[in-house]
Amino acid sequence: MNTSDRQITETDRNRELGLIPAMVMAIIAALSGAGVSFAPLYERIWGGMMLHPNCPTIGRMTYYLSGQATGDYGACVTSPLWFLAVTALSVVAIICLTVAGVQGFARHRLRTVICVFLAAVAVAFILVLSANTKIVMLWAIHAATWLVYAILAAYSRNSTSIQQHIADLTNLTGSDKSASERGGWSLVTRLLLVWQIGVMPVLVTEYSVSDEVNSTGGVTIACGLGLAAYALVHLISIDIPRDNVGSALPTIRDIRPVSVHKLFRVISINASAVSHVSVPLGLFWAVITFLTYSYGTGGHTDFCPALAATNNAGLIAVCTGSGPLIVLAVLLYVLPIFSLVSAIATVMATTGSMSNSHDSASSAGFQNKAAIFYLLLTAVLSATAFIIAFTLA
């Protein structure tokens, strides 16, 4: 195998290694969009006098907009089964589009085609269940943005390979203009990836489930997860040799202690790189935690959502009881603390991977995997606490 073939194989392998974290972040974002949709899905159900007809499973919005639901009616009551079905279909579509988008025009073209087909089938089922054509338009925008990302990513990789090849032949490092252009395209592709795995899954899933995007819930968690996705994309793009990196799940032991002098030395040398992880991750945790606690201190609802209605449009409420409410309240306050510990572990592992990158490829690889693992754990814990607080507020 010549040098060019080895470079292509290594690039494909690194892309595969970066695909799984991107998929996990997209899943977290999609489930967050569904989570913040649960409370506003049954609009005006707490103490209102509005009538709430049952919504048929198929053609829900068609029924709601047909005139049968007049001004005397509030939003129709949707069954939990419908909620779970549309959420599951949305997650499937998000996973498939993420795989197709990240792989782009790589060698796995058949897998990309299959993923696009499965995503289209999932969206078609969502359309059947909701009969809201705006949903299809939103999913089409999401898919088109993935196509743009794939094109730009392929162009950026090819441009880098060509410039490196020319530099090797001429024994030059390439012009500053070419490096600047490559850096610009790389920044655009990274920002597009952040948008696609951190922001858009929240918005498309929330709209698919509830036919609206709530500013205090969906937009807020989408912006927060966008910050977390930015840190994740930077971690994925760190250039660490992969030759001796194992595939075992990283643990807390992978975060190896470093001296204070070495820690500050690594941070000073790689200040820009460390800040790309610590700053957005810190902002994500601070903002989401502040809003979580602000919702939590505002008092909890009795949480008796009306999950069904009688033939006379009377509400049938289902209360969770005091026990589950206490458990949810405890989780609301405890999860951000564990999320903070995980965020600190992320920064420590990031610093460790950079300090070991020139000494031990295996050590640096494990540290980088640990950083990615704890970053995703931070996103899960913070998003879960926010969703609980938003639902109970």
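**Reading the terms**

Mentor: Start with a contact: the backbone oxygen of Leu 235 lies 3.4 Å from a polar atom of the side chain of Asn 368.

Trainee: What makes that a polar contact?
Mentor: A polar contact is a pair of N or O atoms within 3.5 Å; within protein, one must be able to donate a hydrogen and the other to accept it, and residues adjacent in sequence count only if both atoms are side-chain atoms. The distance here is 3.4 Å. One caution: this is a predicted model, where local features need pLDDT of at least 70, side-chain atom pairs count only at pLDDT 80 or more, and totals for chains, interfaces and linings use all residues. Residues are numbered from 1 along each chain as its sequence is written, and side-chain values use heavy atoms, with hydrogens and water left out.

Trainee: Why is Asn 368 called buried?
Mentor: Buried means under 20% relative accessible area, exposed over 50%, partly exposed in between (1.4 Å probe, protein chains only). Asn 368 has 0%, so it is buried. It lies in helix 12 (residues 361–392).

Trainee: And why is Ser 322 called exposed?
Mentor: Its relative accessible area is 56%, so Ser 322 is exposed. Ser 322 is found in helix 11 (residues 322–356).

Trainee: How are helices counted?
Mentor: Helices (H or I, at least four residues) and strands (E, at least two) are DSSP runs, numbered from the N terminus. The protein chain has 12 helices and 2 strands.

Trainee: How do you know that the length of helix 5 agrees with its residue count?
Mentor: The expected span is 1.5 Å times one less than the number of residues. Helix 5 (residues 109–130) has 22 residues, so it should span 32 Å. Its end C-alpha atoms are 32 Å apart, which agrees.

Trainee: Which residues of helix 5 are buried?
Mentor: Among them are Thr 112, Cys 115, Ala 119 and Ile 126.

Trainee: Why are helix 4 and helix 5 called roughly antiparallel?
Mentor: Helix 4 (residues 80–103) and helix 5 pack at about 155 degrees, with their axes 8 Å apart. Angles under 35 degrees count as roughly parallel, over 145 as roughly antiparallel, 65 to 115 as roughly perpendicular and the rest as oblique. So helix 4 is roughly antiparallel to helix 5.

Technical notes
Axes are lines fitted to C-alpha atoms, for helices over the stretch in contact, and angles run from 0 to 180 degrees between N-to-C directions.
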